[in-house]
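Colleague: I am new to this one. Please walk me through it.

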Amino acid sequence: SAKLPVMMEEKKKTFDANEAALLVKELNESFRTGKTKSYEWRVSQLKSIEKMVVEREKDICEALYKDLSKPEFEAFVSEIAMVKSSCKEALKELKHWMKPEKAKTSMETYPSSAEIVSEPLGAVLVISTWNYPFSLSVKPVIGAITAGNATVLKPSEIAPATSSLLSKLFEEYLDRSAVRVVEGDVPQTTALLEQKWDKIFYTGSPRVGRIIMTAAAKHLTPVVLELGGKCPAVIDSDVDLQVTARRIVAGKWQANNGQACISVDYIITTKDFAPKLIDALRKGIEECFGTDPMESKDISRIVSSNHFSRLQSLMDEYKVYNKIVVGGQRNQKELKIAPTIFLDVPGDSQLMQEEIFGPLLPIITVENVKDSIDLINSKPKPLAAYLFTNNDKLKNYFVQSVSSGGMAINDTVLHVTVSSLPFGGVGESGMGSYHGKFSFDAFSHKKAVLYRSFSGDSSVRYPPYTPEKQKL
Ligand code: NAD
């Protein structure tokens, strides 16, 4: 009804620590009935998510368009299809994932058997972000459900249309006694964070990641932190230039106009090769977004005026003022910024100091491609690192010497789609991982169980420690 959004708005405003405490109590009570532990319950919820995504695809795309003017095709590929395939995989593999895993035993326990039992943790909290506001909310929830937990999702207030749609859809499709959405921003999240959770799964900035971890520490709650950072792409001069340029365009501007945690943040290449690379990137941008990318329907806008202002000040810093070699156009009213490339900005410029999270792409040049590794390693560990080369020795050296959450060699971003690879950060880019079986593991406790029988009991292990026993 027309009143519903107003009521939801009201509910959001009044949500405080008391309500949060009641909610956690309710979820813990549901959890203790044991229903979320059953295979049948997990399957029923996963099937409901699948149904929700199929039946409400149009609503989801519309919300994503409102929040980010996300092109429908991009919304489908990076949000809807990602959620569908996670559900499909979880439904196919769940029985297998839930099965206790046999473990080897030791001489000391002979005769015995042992196994690792995956058990749910209890009531878990998922706090998500705005850039892929649907998939980065629902995918962790899928993990929490597959592992048999009761779950609260707190979507991002910066993508309000998707946040309110998620709240509506979860009420409609999922078991509200064990899966809930709480909308809101800092006060509501703080109220949630004051409660004792059995796990907190957070996606967002390293700054807020610290707040989450501090709150979690009070209750000894374990956390998964999916954070960000400056993801470098190193380009060697022996590459297929056209393919490389296209894949960088895809990994930067097709990825939510650079507002993606694993989009290319900056490029490192050699001085000699930079002009060729810039030409190829210019061509690649034109092929994808036309001669005037500001008019393109195939690129997302900047999420909010705050984010626009931040990007604008990165562009306008005097240190990078004359370094634009491609793009530079912007429209504050429409929150649009064109794909923009900078050449040789100083290392101490803001552009090279903070995560860009937008359509600006600095290119740093070095004498030798190997020098790029020192530059990367002088910064906090990124969530992803990319290398384009035909040189196997360099590939090997890069994989061995660069520490990052994940990597793709000769491509960008695509490693996120491989569910047999863990997705997560290291150091400043986060801790813990998810996707596929890793999501199930992230929300499970691995319980060690040893089975013994009463037979074969030897007195050797028991006191008194006679000289005979000590000789053994
Ligand atoms: P953010 O940290 O500002 O917000 C994320 C969530 O935290 C939101 O739900 C928000 O309501 C909540 N929040 C904000 N301030 C809070 C506070 N003071 N106390 C409690 N909760 C608070 O992050 P963002 O701007 O939404 O996202 C950008 C960052 O997220 C980038 O660094 C990006 O790289 C990272 N990111 C990481 C991944 C990943 O999978 N690793 C994915 C997307 C984005």
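**Questions on the fold**

Colleague: How many helices and strands does the protein have?
Modeller: Keep in mind that this is a predicted model. Helices and strands both occur in the protein. The count is 17 helices and 18 strands.

Colleague: What radius of gyration does the protein have, and why does it agree with a compact globule?
Modeller: The protein has 472 residues, so a compact globule would come near 23 Å. The C-alpha atoms fill a box of roughly 80 × 70 × 35 Å along the principal axes. The radius of gyration agrees with the globule value; it is 25 Å.

Colleague: What share of the residues is buried?
Modeller: A residue counts as buried if 20 or more other C-beta atoms lie within 10 Å of its own. Out of the 472 residues, the buried share is 45%.

Colleague: Among contacts between residues at least 6 apart in sequence, what share joins residues at least 24 apart?
Modeller: Take the contacts in the protein between residues at least 6 apart in sequence. Those joining residues at least 24 apart make up 69%.

Colleague: Are α4 and α5 roughly parallel or roughly perpendicular?
Modeller: Helix α4 spans residues 57–68 and helix α5 residues 72–98. Their axes lie 10 Å apart, at an angle of about 110 degrees. Angles of 65 to 115 degrees count as roughly perpendicular. The two helices are therefore roughly perpendicular.

Colleague: Which residues of α5 meet α4?
Modeller: α4 passes α5 in a right-handed crossing. The contact residues divide into five nonpolar, no polar and three charged. From α4 come E57, I60, C61 and L64. In α5 they meet E72, A75, E79 and I80.

Notes: Residues are numbered from 1 along each chain as its sequence is written. This is a predicted model: local features need pLDDT of at least 70, side-chain atom pairs count only at pLDDT 80 or more; totals for chains, interfaces and linings use all residues. Axes are lines fitted to C-alpha atoms, for helices over the stretch in contact, and angles run from 0 to 180 degrees between N-to-C directions. Helices (H or I, at least four residues) and strands (E, at least two) are DSSP runs, numbered from the N terminus. Angles under 35 degrees count as roughly parallel, over 145 as roughly antiparallel, 65 to 115 as roughly perpendicular and the rest as oblique. A crossing is left-handed if the near helix is turned anticlockwise from the far one by less than a right angle, and right-handed if clockwise. Two residues are in contact if their C-beta atoms, placed from the backbone, lie within 7 Å. Ala, Val, Leu, Ile, Met, Phe, Trp, Tyr, Cys and Pro count as nonpolar, Asp, Glu, Lys and Arg as charged, and the others, Gly among them, as polar. The radius of gyration is taken over C-alpha atoms; the globule rule is 2.2 Å times the number of residues to the power 0.38. A residue is buried if 20 or more other C-beta atoms lie within 10 Å of its own, exposed if 12 or fewer, and partly exposed in between; C-beta atoms are placed from the backbone.
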